[in-house]
Amino acid sequence: MKTETCFFTLLCVSMIFLEALTLIGERVCGFQTSTRGAMVVLAQYKEDTTWAMRLEDECDVEVRVYQSANHRDPYFVENLGGEAAKYFTAIEDVYEDNEPPPYLLFLHAHETSWHNGVNATEYICSDAWRVIGGNNVGNDDLRSLTYRERKHFVHFPSTRVIRVLRRGSTVAAVFIADKRKNGKLKPWFATNNLRQRVSITARVAKIKDSLRGLYFDSECCGQFSTSFPAIKRRPKSFYQRMRKWVTSKGDSIHSNKNQHKPTVEKSKGLEPLWSVIFDATPLHFDTKLTGSFASLVKVELEKQAKKVATEKTKAPRRRRSRRSTKVT
């Protein structure tokens, strides 16, 4: 009897010791994981989010609503910088968690919208975002093959595609194509305003050298999922700096009238760059331009070249005009 009691005591002590070693290893080596399937970050102003509350139990996720309606409620963020300010705030909040969520889903607070390709509940409760979880996860899933070796970023399906064309370390052009009901794309069209916004954002974020491939695609409107390891690729100070920038004044591309307040161009410029922010493999990595899109690119770049040449010609005239006005 005594022998059995001693054996049982020794077994209990050994189990406690092993658990303690495991806990220490997790804390020191940083491989402790959360029991949550994912964290859903909703960027809300005044939208109804009751649809999302039931998902915590149904879909094994934690839902956090970052809102601008009431400063007394949790996760209040001033209504500046669009969804980007709320996303960066959420990242700062979880960055040093002892038990971080393995995945984070960043979405607008509405369940349905004109730009949503699917219902938000359907996306959250599906496994579409789970293919981002590592090199050996989802290898039989065609979606995972799109992202090559870095499956750490998945766009939320939308009704519009944004294509960023790279030339060297600069943003050469940005194109948009809306989707038809059958999923096929309508004709591409160039947008110079968005190109300027994306260029400004890439310059401020200092991610121009992270642009990969000849061009890459993103879905419209800044909704996506990523992994916590992808977030940790950049220091916390990077996200803090970006949050301050999107909520600060200036950097308007239109005129001086907007320089005194935060401008929408900042959050709009981030939309096609979120995958680059997390250094994740974008779509169409190192793809060559072919077909009708190549002709469209040629026309757009020629148009930009003519515009630059015209501006250079006009500049001396403007300077002479200003000098003559001062003399008069």
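Is threonine 159 partly exposed or buried? Threonine 159 is partly exposed, at 23% relative accessibility. Here buried means under 20% relative accessible area, exposed over 50%, and partly exposed in between (1.4 Å probe, protein chains only).

1. Basis of the note. This is a predicted model: local features need pLDDT of at least 70, side-chain atom pairs count only at pLDDT 80 or more, and totals for chains, interfaces and linings use all residues. Residues are numbered from 1 along each chain as its sequence is written, and side-chain values use heavy atoms, with hydrogens and water left out.

2. Around threonine 159. This residue lies in the loop between E4 and strand E5 (160-167). Helices (H or I, at least four residues) and strands (E, at least two) are DSSP runs, numbered from the N terminus. Leaving aside neighbours within four places in sequence, threonine 159 is in contact with Trp114, His115, Asn116, Gly117, Asp178 and Lys179. Contact means heavy atoms within 4.5 Å. The side chain of threonine 159 also reaches the backbone oxygen of tryptophan 114, at 3.1 Å. That is a polar contact: a pair of N or O atoms within 3.5 Å, where, within protein, one must be able to donate a hydrogen and the other to accept it, and residues adjacent in sequence count only if both atoms are side-chain atoms. Lysine 181 is 22 residues from threonine 159 along the chain, and their C-alpha atoms are separated by 8.9 Å.

3. The mixed sheet. An open sheet is formed by 5 strands, in the order E2-E1-E3-E9-E4, with mixed pairing. Two strands pair if DSSP finds at least two bridges between them. Strand E2 (61-67) and strand E4 (153-155) are the edge strands, and each pairs on one side only. On average, neighbouring strands of this sheet are turned by 15 degrees against each other, direction ignored. Strand E1 (residues 38-44) runs parallel to E2, joined by 7 bridges. Methionine 39 stands opposite glutamate 62 in E2.

4. The antiparallel sheet. Another open sheet has 4 strands in the order E7-E6-E5-E8, and the pairing is antiparallel. Strand E7 (189-190) and strand E8 (215-219) stand at the edges, each with a single partner strand, so one side of each is left without a neighbour in the sheet. E5 and E8 run antiparallel and are joined by 5 bridges. Leucine 165 has tyrosine 215 in E8 as its bridge partner. Helix H7 (residues 192-205) packs on the sheet, touching E5, strand E6 (170-178) and E7. The direction of H7 makes about 130 degrees with that of E6. Axes are lines fitted to C-alpha atoms, for helices over the stretch in contact, and angles run from 0 to 180 degrees between N-to-C directions.

5. Disulfides. The count comes to 2, a disulfide being a pair of cysteine sulfur atoms within 2.5 Å. Cysteine 59 and cysteine 125 form a disulfide, with sulfur atoms 1.8 Å apart. This link is right-handed, with 70 degrees about the S-S bond. It joins distant parts of the chain, 66 residues apart: cysteine 59 is in the loop between helix H3 (55-58) and E2, and cysteine 125 is in helix H5 (residues 120-125). Cysteine 59 is buried at 12%, whereas cysteine 125 is partly exposed at 37%. Cysteine 220 and cysteine 221 form a disulfide too, with their sulfur atoms 1.8 Å apart. Cysteine 220 is buried at 4%, and cysteine 221 is buried at 7%.

6. A covered helix. Helix H4 (residues 82-94) is mostly covered, with 11 of its 13 residues buried. Among them are Tyr87, Phe88, Ile91 and Val94.
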